[in-house]
Amino acid sequence: MAENVLERMSRIGADRKIADFKVKQKENYDFKVNYARIRAWEFYNECAKRDLNVHVSVGGLDSITLLLFLRSIGIDAPGISVSYLEDKSIMAVHKKLGVVSLKPANKADGVPWKKSEILQEFGFPVLSKEIAGKIETLQHPTGKNKTVRHAIITGETGAYGGYQKNSRMKMSQKWLEKFGGYENENEGVNYGTPNFKVSSKCCYYLKEKPCDDWAKEHNSVPYLGLMASEGGRRAKSLMINGCNYFGKSTIRSAPFAIFNRQDILQLALDLNVPVPEIYGTIERKEDGTLYTTKAQRTGCSMCGFGIHMEKRPHRFDLLKERNPKEWEYWMYNCCTDENGEKYGWARVLDYIGVGY
Ligand code: SF4
């Protein structure tokens, strides 16, 4: 019988790897920067042996710092980005640094997707990429994803998941109450269903696919500015797979994997990185902690990932201040439902209990 998830974790020594990784995360700044330099060169040399080119996937401050860090150690990898999704001040820095600007993926008619079309066609990116993916699975039941749907509602996995009872596949009770209703009949539960679609495809069509397509075309693999300390879906795989990963379908380097926010800000200062205006400037508090005076993190302004955990004024509030017209469009008019009624993020935020 095929190996299940738990057996795989034990075979690859996942616990040991995670423990080793955590030790490195506690090292000092100089150690980490040196470690990043060694890993970045290791990746570069291994790619050269495999006849692969390298590039940097660039977005906000972290990956801008990565691009300049690589340049500073003699790795002149081209930067690529779907810049138009970023804030104007980030776009300006991309331009200054010669980052290649990509368009979103094309629709079947050959025209690039617009964000509103993605929301309309696939649904809203809300809560987190992981939760949105689960809700999307529930909204699109097939014979093939039956076991997964069962696991999302109950936490019980099948053979591949090692017959676990309380696996992480289960959606949290809070969101099951709101989004689990698609399985009411199958599972004998009584959960709610929203009157909008949810999806994690937005990132895929607007960001990931264009970068993947570019990479294929250029026979190139990426350096990414990911840090495990930022948490999220990829933190665990960064800990298990380490900075450089040469898998069957994925090859990537994340030289900053063991960094934390302080390390990246210190490196940005040391390298004289042009800080996009949206972040303000990098300053030091009395206790020595570095911070950016304006935005701490950036991303698309109208994205629902993480919105339920943000304090007010949250990112939608900030857009309202900056550009009330754009805000109104995304809140009330970007989509049309089956009754011909215009709607937008307001419907989604009302449903998940986020004020605006
Ligand atoms: S960050 Fe959010 S809004 Fe931006 S592409 Fe990804 S899902 Fe879409």
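A residue counts as near a molecule if its C-beta atom, placed from the backbone, lies within 6 Å of that molecule. The structure is a predicted model, in which local features need pLDDT of at least 70 and side-chain atom pairs count only at pLDDT 80 or more, while totals for chains, interfaces and linings use all residues. Residues are numbered from 1 along each chain as its sequence is written.

Select the ligand and then the residues around it, which are Leu 85, Pro 125, Cys 202, Cys 203, Leu 206, Lys 207, Gly 299, Cys 300, Cys 303 and Phe 305. By class, this shell has 8 nonpolar, 1 polar and 1 charged residues (Ala, Val, Leu, Ile, Met, Phe, Trp, Tyr, Cys and Pro count as nonpolar, Asp, Glu, Lys and Arg as charged, and the others, Gly among them, as polar).

Next, select helix α11, residues 201-217, which gives the largest share of the shell, 4 residues; helices here are DSSP runs of H or I with at least four residues, strands are runs of E with at least two, and both are numbered from the N terminus. At Glu 208, shortly before the proline Pro 210, α11 has a kink of about 40°, where the bend is the angle between axes fitted to the seven residues ending at a residue and the seven starting there. Just after α11, look for Asn 219, which takes a positive phi of about 50°.

Finally, select the three domains, whose bounds come from an automatic or database domain assignment: domain 1 (5-101 + 219-277), domain 2 (126-187) and domain 3 (304-352). The C-alpha centres of domain 1 and domain 2 lie 31 Å apart.
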